Amino acid sequence: MSEAAVLPLLSVRGIEAYYGAIRALNGVDLEIRAGEIVTLIGANGAGKSTLLMTICGEPRGQGGRILFEGRDITQLPTHLIARLGVAHVPEGRRIFPRMTVMENLQIGALSAEESHFRDDLDYVFGLFPILGERRSQRGGTLSGGEQQMLAIGRALMSRPRLLLLDEPSLGLAPLVVRRIFEAIAEINASRAMTIFLVEQNAYHALGLADRAYVLANGEIRMEGTGAELLADADIRAAYLEGGHG
C-alpha cells in the first residue's frame, strides 16, 4: 500500500491558536481519515469552534501543523484551503439573509465545476425538499431549522472532501435536530464524505460518530470510538446526564 493511501485526510499536530495573548488551543492533536464521521465534544469555551476556524485558516495555527492529505495548510489563506476541498458550516448558520435560497446555493457553488451545478442542486433539494419549495424566498425569512439546512446545502454545493459542521443542532426543535442528524448520516453514506462534527448534543453526535475526541481547556483529553465514549461513565456524567463538562 502506498504512503498516500494510508495518510489521514486531515492531521492536526500540536496546534496552538491565540486570540491576542489568550491561548485558545494548547497543542491539539487529532486525525480524521477519509470517509469517517469524527465528532468533537466539550464544554462551552473549550475551544471547539476555534479549532474548526483554525483548520480553515482564521485564526492562524501556531506552534504546530495542520496537514490536508499530507500537505501543510497551516499558513494557507482561507480561500485556498476552501479550494482544496474543505467546507465550513459555522455556528449560527451565517447564510446571506437578503439573498434567496437559490442565490445562497449559487454562491456555495462558485468554487465547484459549473458542469456539476445541476446535479448538486438536485442532491441538495433531495436532501432538504423544503429548500426546493422555497428557492425564491429570502434566506432571512426562513425558520432556524431551514436556515441550518440552507447553510449545509450551501457548503455541499462546493463539492467538499471534508465538511466541518459547527453546532448544527444549536437552538433547533427536537424534530428538526433529528432531521439534521439524519441528513449528516445520509451525506456521509451517499457521498462517502468525510465529516468533522462539533456538537453540544453529545448523545446524538457520539451515536453518529465513527470516532470522537473530547476537548477541554484547549487540549484533547480523551478519544475513542463513538460507542466507547457513549459508554464511558465520566463522559456520561459530564455530557449526557446534566453535567457541564
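A charge sits over a ring if NZ of Lys or CZ of Arg is within 6 Å of the ring centre and within 35 degrees of the ring normal. The model is predicted: local features need pLDDT of at least 70, side-chain atom pairs count only at pLDDT 80 or more, and totals for chains, interfaces and linings use all residues. Residues are numbered from 1 along each chain as its sequence is written, and side-chain values use heavy atoms, with hydrogens and water left out.

**View A. Arg191 over Tyr123.** Arg191 lies over the face of Tyr123. The distance to the ring centre is 3.9 Å. Aromatic pairs number 0 in the structure (rings of Phe, Tyr and Trp, the last by its six-membered ring, pair if their centres lie within 6.5 Å; planes under 30 degrees apart count as stacked, over 60 as edge-to-face and the rest as tilted).

**View B. The open sheet of 6 strands.** The strand order is β6-β7-β8-β3-β9-β10, with mixed pairing. The edges are β6 (86-89) and β10 (219-225), each pairing on one side only. From one strand to the next, the twist averages 15°. Helices (H or I, at least four residues) and strands (E, at least two) are DSSP runs, numbered from the N terminus. Two strands pair if DSSP finds at least two bridges between them. β6 and β7 (residues 162-166) run parallel over 4 bridges. Val89 has Leu165 of β7 as its bridge partner.

View C. α8 (residues 174-191) lies across β3 (37-41), β7 and β8 (194-198). The angle between α8 and β8 is about 155°. α11 (residues 233-240) also packs on the sheet, touching β3, β9 (211-216) and β10. The directions of α11 and β9 make about 65°. Contact means heavy atoms within 4.5 Å. Axes are lines fitted to C-alpha atoms, for helices over the stretch in contact, and angles run from 0 to 180 degrees between N-to-C directions.

**View D. The open sheet of 4 strands.** The order here is β2-β1-β4-β5, with antiparallel pairing. β2 (22-32) and β5 are the edge strands, each pairing on one side only. β1 (residues 10-19) and β4 share 4 bridges. Val12 stands opposite Ile66 of β4, and Arg13 has Arg65 as its bridge partner. α2 lies across β1, β2 and β4, at about 110° to β1.

**View E. The hairpin of β4 and β5.** β4 and β5 (residues 71-72) pair in the antiparallel sense over 2 bridges. Leu67 stands opposite Asp72 in β5. The hairpin has 2 residues between the strands, and Glu69 takes a positive phi near 55°.

**View F. Two loops with backbone features.** The peptide bond from Glu58 to Pro59 is cis, with omega near 10°. Pro59 sits in the loop between α2 (48-55) and β4 (65-68). Arg93, in the loop between β6 and α4, is not a glycine, yet has a positive phi of about 70°.

**View G. The largest pocket.** The largest pocket holds about 680 Å³ of space. Its lining counts 25 residues; Thr78, Ala82, Val86, Ala87 and His88 lie nearest its centre. α3 (78-83), β6, α4 (101-108) and α7 (144-156) each supply at least two lining residues. α3 gives the largest share, 5 residues. On a 1 Å grid over the protein atoms alone, a pocket is an open set of points where a 1.4 Å probe fits, with protein on both sides within 12 Å along at least five of seven lines; lining residues have an atom within 4 Å of a point. Grid points are joined across faces, edges and corners, and a volume is the space filled by probe spheres set on the points.
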